[in-house]
Amino acid sequence: MATTATMPVSRPAKRSIWSRLPVVHQLRQSVGIQRGMLIAGLVITAVFVLVAVFAPVIAPYGFAQLHGADGKDFGSQQPPSPAHIWGTTVGGYDVFSRVLWGAQTAALVIIIAVVLSIFAGVLLGLVSGYIGGWIDRVLVVICDAIYALPTLLLAIVMSIVISGGQSGLWAGIFAAAISITVVYIPQYFRVIRAEAVRIKAEAYVESAKVVGASSGRIMFKHVFRNSTRTLPLIFTLNASEAILTLAGLGFLGFGIEPSSASEWGYDLNKAIADVTSGIWWTALYPGLAIVLVVLGITLVGESLNDLADPRLRGRRAVAAASGETADISVVPGGPNEAPGGLEGLEPGAGIEEEGIEVRE
């Protein structure tokens, strides 16, 4: 009696926890110019975070310091010199120190604003999408009304209501953060609500209802865990918008007082008259700080958003294996017909993770 020999099927080794981290995983997936953009964004963002954390150590002077250890005033609008490498402002502050301390203020506002936005937007989106009914209609109307208003105008109104337009360090940070939070809640609400509406119709959610699981357990164990995959992408994109909104508030005079904290938008506002007088250093460096930080965070966000598209992931994986650009993400004949076969894909990654659709 003839016996049929079966070949053992080798499965790829499981990837380490480090390689499965969100940003690390996307970095391994990226190739070519996309990887260069992601690395550049990560480097700029990392420098911004380090400066924000170590600003008290790096900055030679305080953000509101007007004189040195010898008691002599710095002077107003002094050009760059060994004592003040980026010069001084019209108010007599050291520009270099103000820029470094401004990174700390921006980081605090971003963290508080985005955390509050995520908490409120995700909670409202879950309730609205899963429960539905009149609660869903009311929340949708309110969020659409907020979303229709201009972002900066709404932030100005909220800043005036919360702090009267001017405030101290923490009061100003929370006022700016809450102003930005109100603007960004509808964005998280829309994304989570759409995912909750889709997920609550899935078979595993219906099965949980059949076995008697409570609505709260289903919402936070099943719906929540499967509807928040896009939050890191929205976080990075909103972080850059938060910096611009904070700078806009400071530029228009609704930010934090200069004696309470350093803020790039306020420094730009005070440097408007300097530019026409040929004093370039008071506006150049705060403006460059805003541009570079926004650019770095935007590069990270756009790269992650691009890599989240399964069609683009599959196209890049095949292109990396074949050494040429793949025109489509569909591999006729099965995965072994792809250039390089299964070995051409990222080690340890499945076909579904790479976004390649297999058609027989």
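Predicted model: local features only at pLDDT ≥ 70, side-chain atom pairs only at ≥ 80, totals over all residues.
**The crossing of H3 and H8**

Helix H3 spans residues 95–131, and helix H8 spans residues 215–227. Their axes come within 11 Å of each other and cross at roughly 115°. H3 is therefore roughly perpendicular to H8, and the crossing of the two helices is right-handed.

On the H3 side, the contact is formed by Val122, Leu123, Leu126, Val127 and Tyr130. These residues meet Ser215, Ile218, Met219, Phe220, Val223, Phe224 and Ser227 of H8.

**Salt bridges**

The model contains four salt bridges. Three of these are described here, and the table gives the separation of the nitrogen and oxygen atoms for each pair.

| Pair | N to O separation |
|---|---|
| Arg193 and Asp136 | 2.6 Å |
| Asp144 and Arg190 | 3.1 Å |
| Glu195 and Arg198 | 2.7 Å |

Arg193 forms a salt bridge with Asp136. Arg193 belongs to helix H6 (residues 169–199) and Asp136 to helix H4 (residues 133–148), so this pair ties together parts of the chain that are 57 residues apart in sequence. With a relative accessibility of 25%, Arg193 counts as partly exposed, whereas Asp136, at 12%, is buried.

A salt bridge also joins the side chains of Asp144 and Arg190. Asp144 lies in helix H4 and Arg190 in helix H6, so the pair ties together parts that are 46 residues apart in sequence. Asp144 is partly exposed, with a relative accessibility of 32%. Arg190 is likewise classed as partly exposed, with a value of 38%.

The side chains of Glu195 and Arg198 meet in a further salt bridge. Both residues lie in helix H6, and because they are three residues apart there, about one helical turn separates them. Glu195 has a relative accessible area of 22% and is partly exposed. Arg198 is partly exposed as well, its relative accessible area being 40%.

**Summary**

Helix H6 is tied to helix H4 by the pair of Arg193 and Asp136 and by the pair of Asp144 and Arg190. Within H6, Glu195 and Arg198 stand about one helical turn apart and form a salt bridge with each other.

Key
Residues numbered from 1 in each chain as written. Heavy atoms only, no water. Axes fitted to C-alpha atoms, helices over the stretch in contact; angles between N-to-C directions. Helix = DSSP H or I, 4+ residues; strand = E, 2+ residues; numbered from the N terminus. Parallel < 35°, antiparallel > 145°, perpendicular 65-115°, else oblique. Left-handed = near helix turned anticlockwise from the far one by under 90°. Contact = heavy atoms within 4.5 Å. Buried < 20%, exposed > 50% of the residue type's maximum accessible area, 1.4 Å probe, protein only.
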